[in-house]
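Student: I would like to learn how to read local features in a model. Please take me through this one.

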Amino acid sequence: MNVIDLYLLGHRLQKLAESAVPTDGIGEHPTSTGTVLIVAADLRDHPRTTVTEIAKRTGLAQSQVSNCVARLRSTEAAVAEPDPRDGRRTLLSPATEPSGRMKAVREAPLGPALAAATSDPDEVLALLQKLNSLLR
């Protein structure tokens, strides 16, 4: 395997994950589910942060991060508060309790997406779990 293969595998895994995310009732949005999940993970790892800081860490455009934050706030998965040191800035954090939408995404079964992508979903799931533990 080379860098190109690894990159393409990552892209295939991202598409596989996106196909497993439930989309019922979320409507049209200018940002992808994958992008929202990247921002949500960054918020989890860096609470009390700003849109600009998230954009720098993730490499996403500031407008994409702003759209993602709006989606997260609309589902009560993220909260905003004024920065006590600079009233012009807004600090963002994950909600103290996962929102209903975040719970639904976390609990979405991978089985149907894996079954559509491979002839042996159980083996793929076991390999993904092993890979995840090795990459931490």
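Student: Where does E76 lie?

Tutor: E76 lies in the loop between α4 and β1 (78–83). Helices here are DSSP runs of H or I with at least four residues, strands are E runs of at least two, and both are numbered from the N terminus. This is a predicted model: local features need pLDDT of at least 70, side-chain atom pairs count only at pLDDT 80 or more, and totals for chains, interfaces and linings use all residues. Residues are numbered from 1 along each chain as its sequence is written, and side-chain values use heavy atoms, with hydrogens and water left out.

Student: What is phi of E76 near?

Tutor: Phi of E76 is near 60°, a positive value in a residue other than glycine.

Student: Is E76 buried or exposed?

Tutor: Start with the cut-offs. Buried means under 20% relative accessible area, exposed means over 50%, and partly exposed is in between (1.4 Å probe, protein chains only). E76 has a relative accessible area of 61%, so E76 is exposed.

Student: Which loop holds R48, and what is its phi near?

Tutor: R48 sits in the loop between α2 and α3. Phi of R48 is near 60°, again a positive value in a residue other than glycine. With a relative accessible area of 43%, R48 is partly exposed.

Student: What about T50 in accessibility, buried or exposed?

Tutor: T50 has its place in the loop between α2 and α3. T50 counts as buried, at 8% relative accessibility.

Student: Which residues is T50 in contact with?

Tutor: Contact means heavy atoms within 4.5 Å. Leaving aside neighbours within four places in sequence, T50 is in contact with R89, T90, L91 and L92.

Student: Now helix packing. At what angle do α2 and α4 pack?

Tutor: First, the method. Axes are lines fitted to C-alpha atoms, for helices over the stretch in contact, and angles run from 0 to 180 degrees between N-to-C directions. Helix α2 (residues 33–45) and helix α4 (residues 62–74) pack at about 80°, with axes 9 Å apart.

Student: How is that angle classed?

Tutor: Under 35 degrees counts as roughly parallel, over 145 as roughly antiparallel, 65 to 115 as roughly perpendicular, and the rest as oblique. The pair α2 and α4 is therefore roughly perpendicular.

Student: Which residues of α2 and α4 meet?

Tutor: From α2 come T33, T35, V36, V39, A40 and L43; from α4 come V65, C68, V69, R71 and L72. By class, the contact of α2 with α4 has eight nonpolar, two polar and one charged residues. Ala, Val, Leu, Ile, Met, Phe, Trp, Tyr, Cys and Pro count as nonpolar, Asp, Glu, Lys and Arg as charged, and the others, Gly among them, as polar.

Student: At what angle do the axes of α2 and α3 cross?

Tutor: The axes of α2 and helix α3 (residues 51–58) cross at roughly 110° and come within 10 Å. That makes α2 and α3 roughly perpendicular. In this contact, I38, V39, D42 and L43 of α2 meet I54, R57 and T58 of α3. The residues divide into four nonpolar, one polar and two charged.

Student: How far does helix α1 reach?

Tutor: The expected span of a helix is 1.5 Å times one less than its number of residues. Helix α1 (residues 3–20) has 18 residues and reaches 26 Å from first C-alpha to last, close to the 26 Å expected.

Student: Which atoms come together at the start of α1?

Tutor: A side-chain oxygen of N2 reaches to within 2.9 Å of the backbone nitrogen of I4.

Student: Which residues does L128 touch?

Tutor: L128 is in helix α7 (residues 121–135). Not counting residues up to four places away in sequence, L128 touches L13 and L114. L128 counts as partly exposed, at 25% relative accessibility.

Student: Finally, the whole chain. What is its pattern along the sequence?

Tutor: The chain runs α-α-α-α-β-β-α-α-α, with seven helices and two strands. Buried residues make up 26% of the 136 residues. Its C-alpha trace spans about 55 × 35 × 25 Å along the principal axes.

Notes. A polar contact is a pair of N or O atoms within 3.5 Å; within protein, one must be able to donate a hydrogen and the other to accept it, and residues adjacent in sequence count only if both atoms are side-chain atoms.
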